[in-house]
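Thanks for asking me to look this one over.

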Amino acid sequence: MCGIIGAVAETAIKPVLDGLGRLEYRGYDSSGISLLSNNEIQTIKAQGKLTNLKQRLSEQVLDGECCIGHTRWATHGRASVTNAHPHQCGQVSVVHNGIIENYLQLKHQLAQWGHHFSSATDSEVIPHLINHYLSQHLSEEEAIAKTVAQLKGSYAIGVLINSTSKNLYAIKQGSPLVISQGNEGAYMASDAMALGSDSGKIYYPNDNELIKLNTHDITLCNDSSNKRIHYIKNKQSSDAISKGQHSSYMEKEIFEQVDLMKRLSVSNDTDEYSSINFNQINKITIIACGTSYYAASIAKSWFEKYANILVEIDIASEYRYRSPIVSEKELTIFVSQSGETADTLAALRYAKSKKAQTLALVNVINSSIAREADFSFEIYAGPEIGVASTKAFSCQLAIFYKMTLEAAKQREFIDANEISVLAKNFMQLPYLMEKVLQRCLEMKDMAKKLTKFSNVLFLGRGELTAIAQEGALKLKEISYIHAEAYAAGELKHGPIALLDEQMPVLVIAPKNGLTDKLLSNIQEVQARNAPIFIIGDRSNKQYINLQEDEFFELPEMPESIQALISVIPMQLLALYSAQQLGKNVDQPRNLAKSVTVE
Ligand code: M6R
């Protein structure tokens, strides 16, 4: 969740600060650096966005060869300068991402040894323990190894020690960490995207490998077999992370979807999906969180409808705690944009322990989830920086659509003609998405009207219920307007009690087999005087007296791709509502892009 970075280079502060900028999507409630300069560790921290830290740093001249940095998403202890990292004890400074579950016990033990703590964080025990073992004349490597042996939970840490050898250490257990050897320096970070242009070669350490970085070399300290570090090419380009002409990353990512669909509709990647034998599978279980979970929900509908495969879906944070029945003939699919979501990773490990086949569907192909699954497919969305996921959702759906076609072909549940119609529908995606995006200003008008309310109810039917849920999630996470979603037929079973002039209802209603049913639900809403907004087919407007800014017309489109098209107005509505209310669209409060804590 937090971002960590470290560099050993001539002017180490530069790559660290640049990297923190690229890591800010992981957390932005405070940040800090520790720099080894003139045989002294200088630690500078600031609350709030990274600009606050930069402001503080601009007040002084800082230079040194070893630097670590951190951008925080608070878990233990509120956002404050004291709780910001790095945490220092004597000559040891540490940045940490993850959670130390037994920190209270460790704190108690350290207090008995005479240590005093200044923060409310779990992380602060780490530099104290290292310092304690150094004071007992253990070597730097031994002190770190002995410290991590006592930690329970997940962590990736960077350790800076003020000694003549000027080493930086990195080690992880369960949390992401990447090491890079460049021409100008050696680097560590929680994410390859954080590394700058001097990071062509990267290494993903295994759990508990202690890595030592200095100006001469990067070494694996604790491997008795003298294992060498095998670098791979860094595919993440930091150049791809630019907003271009757009006002926010989220806006850029929404508009990128047309090109992404163009690329996915012509790419010849279906061979990849034929590596799965869908006839040998008795069930698919798809596990994910947040937006990725809603993609799973739509995939369930497709696999069942077109390929006749039983599909279960599960929220990753619940899966392993509900004692699921896992069979060896089951395919478990883990969907994650980041590939680092702690809940999804833990669910994957659980499924593996039960001998299920595991498949990762990720955007970051070298991520932990992709590396640990039996096999993995990339969604090819490119870096997604906006905390609210948009293009990753469409790309996840696009890959699921292709997988469904492959499954339908192998299982011969529908005939070749139907499969070819479904494939042709898919080809229409870029054109139809573009048509919707060209009319984005209409959604701006709708947002103006909707933001007058503090609550919104989203309704859909069939697989579009998941689009209603995704629309509600998008709206609440960036505009902070309270929004909930229901399958429209559920309205009369409870939520209808909420309806009055102050409870607007937004209905997703393209023309499909459920339109008539949905029209009845819309009537029920109107009869209770609730303001109504419709994203749907022209025929809806005919029946209901709506003003221009209460109706967005969806183009006519085949049913199989309606989820992919209907989500675009949902994304625009959230974006424009948040902008209308003056919120920070890319960095909403309390959230972070990659949730690497349970
Ligand atoms: O990286 P992942 O797809 O595993 O992330 C899952 C959720 O944390 C993520 O989709 C989250 O709900 C987004 N903020 C939604 O916009």
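Does Lys-355 count as buried or exposed, and what is its relative accessibility? I take that up in the first point; please keep in mind throughout that this is a predicted model.

1. Lys-355 counts as exposed, because its relative accessibility is 58% and the cut-off for exposed is over 50%. This lysine sits in the loop that links α11 (342-353) to β18 (357-362). Its phi is positive, near 70°, although Lys-355 is not a glycine.

2. Asn-39 is another residue to look at in a loop, here the one between β2 (30-37) and β3 (40-47). Phi of Asn-39 is near 55°, again a positive value in a residue other than glycine. With a relative accessibility of 57%, Asn-39 counts as exposed. As background, most residues other than glycine have a negative phi, and most peptide bonds are trans.

3. On the subject of peptide bonds, the one from His-85 to Pro-86 is cis, with omega near -5°. You will find Pro-86 in the loop between β4 (66-72) and β5 (87-89).

4. Now to helix α9, residues 290-307. Its 18 residues should span 26 Å at 1.5 Å a residue, and the C-alpha atoms at its ends are 25 Å apart, so the two values agree. This helix is mostly covered, with 13 of its 18 residues buried.

5. Next, the ligand. It is surrounded by 14 residues, and the closest are Ser-292, Ser-336, Ser-338, Thr-341 and Glu-477. By class, this shell has 8 polar, 4 nonpolar and 2 charged residues.

6. Some contacts are worth checking on your screen. A backbone N or O atom of Val-387 lies 3.1 Å from a nitrogen atom of the ligand. The ligand on its own has 410 Å² of accessible area, and the protein covers 90% of that. Two or more residues of the shell come from each of α9 and α17 (464-479).

7. Where does the ligand lie relative to domain 2 (244-427) and domain 3 (440-585)? Both domains give residues to the shell around the ligand, so the ligand lies between them.

Notes
Residues are numbered from 1 along each chain as its sequence is written. This is a predicted model: local features need pLDDT of at least 70, side-chain atom pairs count only at pLDDT 80 or more; totals for chains, interfaces and linings use all residues. Side-chain values use heavy atoms; hydrogens and water are left out. Helices (H or I, at least four residues) and strands (E, at least two) are DSSP runs, numbered from the N terminus. The expected span of a helix is 1.5 Å times one less than its number of residues. Buried means under 20% relative accessible area, exposed over 50%, partly exposed in between (1.4 Å probe, protein chains only). A residue is near a molecule or strand if one of its heavy atoms lies within 4 Å of it. A polar contact is a pair of N or O atoms within 3.5 Å; within protein, one must be able to donate a hydrogen and the other to accept it, and residues adjacent in sequence count only if both atoms are side-chain atoms. Accessible areas come from the Shrake-Rupley method with a 1.4 Å probe; for residues, only the protein chains shown count as cover. Ala, Val, Leu, Ile, Met, Phe, Trp, Tyr, Cys and Pro count as nonpolar, Asp, Glu, Lys and Arg as charged, and the others, Gly among them, as polar. Domain bounds come from an automatic or database domain assignment.
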